[in-house]
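Thanks for making time this morning.

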Amino acid sequence: MSDLRLDATQLDRYSRHVIMDEIGPEGQKRLLEGSVLVVGAGGLGSPAIQYLAAAGIGRLGIVDDDVVERSNLQRQIVHGDADVGRPKVESAADYVTALNPDVDVEPHETRLTTANVAGLVDDYDVVLDASDNFATRYLLNDHCVLTETPLSHGAIYRFEGQITTFANDRSSADGDGSDDGADSSGRSGNGDSEPNESPCYRCLFPEAPEPGTVPDCATTGVLGVLPGTVGCIQATEVVKYLLGKGELLEGRLLMYDAMEMSFETVEYRSNPACPVCGEDPEIESVEDVAYEGTCEISAD
Amino acid sequence: MSTEWKLFADLAEHAGDRHVTVEASAGDTVGDALEQLLDGRPELAERVLEDGELRSQVNVLRNGTNVLVEEDGLETELGDGDELALFPPVSGG
């Protein structure tokens, strides 16, 4: 893999990438050598999987323990009518294989748990959170912080979406925020950087809302095209990360409102009191947390 | 002058609207504006407050800046024409 060369078919397939200075053959090689784990093959995962596969991500893992239901098809466009009743990971893997034979797709038909998160996540360069529940989101956040794994976050509610990127790169936390160009994250470093400029989900939302407080898509409905927009933005972030190009949504939460057709960006910072990435973190292992309810730290 | 709140996700449903104008103005605090927003909206108050304190997962913005992190929290003074926002996490995928 280290001496990967683009063959004639690949030069043709990825020609619109290769022709751009920002990507070129080197950038395309990065994508072909890259690996991404998509957690959730639903509304967000569908467009993300499609575009990551089309982009030629070399290894694409997909985690989901659900089967396709007819009510999914209004938005989960990686699945078709004939897939109803099939495991989502199988249906999604078939789509990827048919779209792009360059991609090694790895379906994981399971639910993410504290017991399996390391085995699933640690084998990939980047994780894309396309899950549909707070327990998985907090578990992914905490594990990715502890292992310094970059994580793309996207979440939806009826007509609204939230997107941000956690680079989880704390190796230069003592520096002045300047990058030397070798950082594969492509972060350009803001002039006003402070130590630990890699905030996480718990910096924004230390704990999840009480169960039942925020209704889910099945209860409230969701605009079918909404996760298409949000999942595509997540895929964009992941591609940029692998290329080492552009400005990531790090320390910025993008809030998309489909009804008002507005995008607002809110900046946020590392919280020194953050329970997982703060100065004196209470969470040193995902075993410290009960990933249910508000995902707070276990009393014992 | 008055101050406008923008409410995200389920908070808008609890409030009955995505945009709510309150009378708080320059010289008042974000906390004053929040009190006026919650006054007469018990469902929203229950969703946003816990034992009288702001729930940890609800963020308050003033002109796009998180007052809980960047400013003086609910004691932050309002300026003319400030726009405030309340946003919670969402989990749908």
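This is a predicted model: local features need pLDDT of at least 70, side-chain atom pairs count only at pLDDT 80 or more; totals for chains, interfaces and linings use all residues.

Helix 10 of chain A gives the most to the lining of the second largest cavity, with three residues, where helices are DSSP runs of H or I of at least four residues and strands are runs of E of at least two, numbered from the N terminus. Residues are numbered from 1 along each chain as its sequence is written, chains are lettered from A and ligands numbered from 1 in the order in which they are written, and side-chain values use heavy atoms, with hydrogens and water left out.

That second largest cavity holds about 30 Å³ of space, and its lining consists of Val126(A), Pro150(A), Leu151(A), Ser152(A), Thr165(A), Glu237(A), Val238(A) and Tyr241(A). On a 1 Å grid over the protein atoms alone, a cavity is a set of points where a 1.4 Å probe fits but cannot get out, a pocket is an open set with protein on both sides within 12 Å along at least five of seven lines, and lining residues have an atom within 4 Å of a point. Grid points are joined across faces, edges and corners, and a volume is the space filled by probe spheres set on the points.

The largest pocket has about 840 Å³ of space. Of the 45 residues that line it, the closest to its centre are Ser131(A), Asp132(A), Asn133(A), Asp216(A) and Gly93(B). By class, the pocket lining has 17 nonpolar, 17 polar and eleven charged residues.

Now back to helix 10 of chain A, which packs with helix 4 of chain A at an angle of about 35°, their axes 8 Å apart; axes are lines fitted to C-alpha atoms, for helices over the stretch in contact, and angles run from 0 to 180 degrees between N-to-C directions. The contact, meaning heavy atoms within 4.5 Å, includes Tyr51(A) and Leu52(A) from helix 4 of chain A, and Gly231(A) and Val238(A) from helix 10 of chain A. Val238(A) is also one of the residues lining the second largest cavity.

Helix 4 (residues 45-55) of chain A has another partner, helix 5 (residues 88-99) of chain A, and their axes come within 9 Å and cross at roughly 30°. These two helices are therefore roughly parallel to each other, a term used for angles under 35 degrees. Their contact is made by residues including Ile49(A) and Ala53(A) of helix 4 of chain A and Tyr95(A) and Leu99(A) of helix 5 of chain A, and by class it has seven nonpolar, one polar and no charged residues.

Methods. Angles under 35 degrees count as roughly parallel, over 145 as roughly antiparallel, 65 to 115 as roughly perpendicular and the rest as oblique. Ala, Val, Leu, Ile, Met, Phe, Trp, Tyr, Cys and Pro count as nonpolar, Asp, Glu, Lys and Arg as charged, and the others, Gly among them, as polar.
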